[in-house]
Amino acid sequence: MERGITGGWHGRGHGRGPGGHAAGPRPRHIRRFVEPAVLLQLQRAPAHGYALLEGLQELGLEGYPLEVSSVYRVLYHLEEQGMLTSSESSEGSGGPPRRVYALTDEGCALLHQWAVDLRLTAQILQRFLEAYAAQNPSGGEGLALSDPSAAADGVGSREGTQAGRRDAP
């Protein structure tokens, strides 16, 4: 079963604060990144949902408002598509059995598709950031994709964009 990487989960309120306004410097279009991040975690070793949620922090999602239910929706969807299998296990839980997920061969192929797509996306984003920096000399510093502090400087917010524009009042 082949599955593309378009489409996705579109929840309400993710990355938003009270009143629907952005809650701090967070990437706005990262929702779909949860899927490849889960696949990558499961490529390392089978895991249950809460362990996967903790592992997502290693990939830079610690500041992103991820709910356990979101991770489980991704897991159920991937399992339904044949990308994962699951089984009940009480090993190491000290409590009731947990559902443990494992990657299938199809899931490995989907993870590879994601990696190719993300590499191309990173190249496009880098070109965009370079063009932005060239047009906005005072507001474009530190925007290389390898610079994690770039998101924290207000660039990408409405205020950061207006301040860097030449035609801003």
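Leu84 is tucked away from the surface: at 3% relative accessible area it is buried (buried means under 20%, exposed over 50%, partly exposed in between, with a 1.4 Å probe and protein chains only). This is a predicted model, so to speak: local features need pLDDT of at least 70, side-chain atom pairs count only at pLDDT 80 or more, and totals for chains, interfaces and linings use all residues.
- Leu84 sits in strand S2, residues 84-89 (strands are DSSP E runs of at least two residues, helices H or I runs of at least four, both numbered from the N terminus).
- Tyr101 is 17 residues away from Leu84 in sequence, and their C-alpha atoms are 6.4 Å apart in space.
- Skipping neighbours within four places in sequence, Leu84 is in contact with several residues, among them Leu39, Leu75, Tyr101 and Leu103 (contact means heavy atoms within 4.5 Å).

**Around Gln41**
- Gln41 belongs to helix H1, residues 34-44.
- Gln41 is buried too, with a relative accessible area of 9%.
- Leaving out neighbours within four places in sequence, Gln41 is in contact with Leu52, Gly55, Leu56, Glu58 and Leu59.

**Where H2 meets H3**
- Helix H2 (residues 49-56) packs against helix H3 (residues 68-80) at about 110°, with the axes 10 Å apart (axes are lines fitted to C-alpha atoms, for helices over the stretch in contact, and angles run from 0 to 180 degrees between N-to-C directions).
- That makes H2 roughly perpendicular to H3 (65 to 115 degrees; under 35 is roughly parallel, over 145 roughly antiparallel, and the rest oblique).
- From H2, Gly49, Tyr50, Leu52, Leu53 and Leu56 meet Val68, Val71, Tyr72 and Leu75 of H3.

Technical notes: Residues are numbered from 1 along each chain as its sequence is written. Side-chain values use heavy atoms; hydrogens and water are left out.
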